Amino acid sequence: PMIGSSLAYVGNELQILDGVGYEQAHNATLRPSQFHGSLYGVAPAKRGALKPNGQWNHQEVIVIGRTVKVVLNRKTILDIDINDINDPKTLQRHPGLLRDRGHIGFLGHNDYLELANIRIKEYPRAIVNNSPPPGFRALFNGRNLNGWQGLMKGPNNNPLKRAALATAQRHAAQAAADANMTAHWKVIDGALAFDGKGRSLQTDRDYRDYEFLVDWKILDKGDSGIYLRGTPQVQIWDTRDGERNAVGSGGLFNNKDPKNPSVPIEKADHLAGSWNSFRILMIQDKVHVFLNGKLVV
């Protein structure tokens, strides 16, 4: 099928297939990810739990975040985390893997099908918890932009030139920057969200040596970063969007010293649209960046 024209690609399809006789007859022609219960074209299900044709099967599908579990006739035949799918061709061919919500549907495929006892139990969405762990304090309270300010435009985003401004000039420039901030940075469901159209955001005070924890997620073709003392920048991007991005997030993007490369030593990103976690140590002139528990810089 053409990419974009089939729900198996723009969405996520769990295969429904005839019973034992069909599987045996077509064993040689079907790919593993095309048998019953598989995430079609992506992840193969275990076989052997289907009843013979004409008998009722009972199937339970549990989808929580990026995890998909399929239990067929009391046997678990699929249990995957979509974040673990990292084959570039698969991700490109199946953009539906990036979806975090959608309709539930049954496929009309020119074959007779009966369905009964269709039921659903919805789970509440995970609540973003902005409470800091012991020894840390929260830079973001999950409710508003207290503790943050907009970045001034033009030469005034340089801290030395900003400090040289007269008091009235500095207050006027910061007020304009804060207006830009509140127009494009919002608190949505406890998370700090940027619409991609305004300027950068910064803390309202300076920090020298620190350990910094932050959870982040980016969408399709997204590109962003975190500046640690104004420099260096820790890179964030969709790792599927071009060869440059394929190295993964966490690298020091603007590091020009060839002795200290800008590329991470390991790719540890979760799939775009999923939450990732940075642990960053900024101590004197050394930076350590951990992404999802793995040292990348």
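# Rings, spaces and loops

Visitor: Is Phe212 buried or exposed?
Guide: The relative accessibility of Phe212 is 18%. The cut-offs are under 20% relative accessible area for buried, over 50% for exposed and in between for partly exposed (1.4 Å probe, protein chains only). Phe212 therefore counts as buried.

Visitor: What kind of model is this?
Guide: Residues are numbered from 1 along each chain as its sequence is written, and side-chain values use heavy atoms, with hydrogens and water left out. Local features need pLDDT of at least 70, side-chain atom pairs count only at pLDDT 80 or more, and totals for chains, interfaces and linings use all residues, in what is a predicted model.

Visitor: How are the rings of Tyr210 and Phe212 set against each other?
Guide: A search of the whole structure finds 5 aromatic pairs (Phe, Tyr and six-membered Trp rings with centres within 6.5 Å; planes under 30 degrees apart are stacked, over 60 edge-to-face, the rest tilted). The centres of Tyr210 and Phe212 lie 6.5 Å apart. Their planes meet at 80 degrees, so the pair is edge-to-face.

Visitor: How far apart are the ring centres of Trp237 and Phe253?
Guide: Trp237 and Phe253 are also an edge-to-face pair, with 85 degrees between the planes. Centre to centre, the value is 6.0 Å.

Visitor: Where in the chain does Phe253 sit, relative to Trp237?
Guide: The pair links distant parts of the chain, 16 residues apart. Helices (H or I, at least four residues) and strands (E, at least two) are DSSP runs, numbered from the N terminus. Trp237 belongs to strand S10 (residues 233-237). Phe253 sits in the loop between S10 and strand S11 (276-283).

Visitor: Is Phe253 buried or partly exposed?
Guide: Trp237 is buried, at a relative accessible area of 5%. Phe253 has 36% relative accessibility, so it counts as partly exposed.

Visitor: What is the volume of the largest cavity?
Guide: On a 1 Å grid over the protein atoms alone, a cavity is a set of points where a 1.4 Å probe fits but cannot get out; lining residues have an atom within 4 Å of a point. Points join across faces, edges and corners, and a volume is the space filled by probe spheres set on them. The search finds 1 cavity of 30 Å³ or more. The volume of the largest cavity is about 40 Å³.

Visitor: How many charged residues line the largest cavity?
Guide: The lining includes Trp216, Trp237, Asp238 and His270. Ala, Val, Leu, Ile, Met, Phe, Trp, Tyr, Cys and Pro count as nonpolar, Asp, Glu, Lys and Arg as charged, and the others, Gly among them, as polar. The lining has 4 nonpolar and 3 polar residues, and its charged residues number 2.

Visitor: How much space lies in the second largest pocket?
Guide: A pocket is an open set of grid points with protein on both sides within 12 Å along at least five of seven lines. The space in the second largest pocket is about 400 Å³.

Visitor: Which backbone nitrogen does the side chain of Ser38 reach?
Guide: Ser38 is buried, at 0% relative accessible area, in the loop between helix H2 (20-25) and strand S1 (59-64). Polar contacts pair N or O atoms within 3.5 Å; within protein, one must be able to donate a hydrogen and the other to accept it, and residues adjacent in sequence count only if both atoms are side-chain atoms. The side chain of Ser38 reaches the backbone oxygen of Phe35 at 2.9 Å. At 2.9 Å, the side chain of Ser38 also reaches the backbone nitrogen of Ala45.

Visitor: What is omega for the bond between Thr231 and Pro232?
Guide: Pro232 lies in the loop between strand S9 (223-227) and S10. The peptide bond from Thr231 to Pro232 is cis, with omega about 5 degrees.

Visitor: What is phi of Asp189?
Guide: Asp189 is exposed at 65%, in the loop between strand S5 (185-188) and strand S6 (191-194). Asp189 is not a glycine, yet its phi is positive, near 50 degrees.
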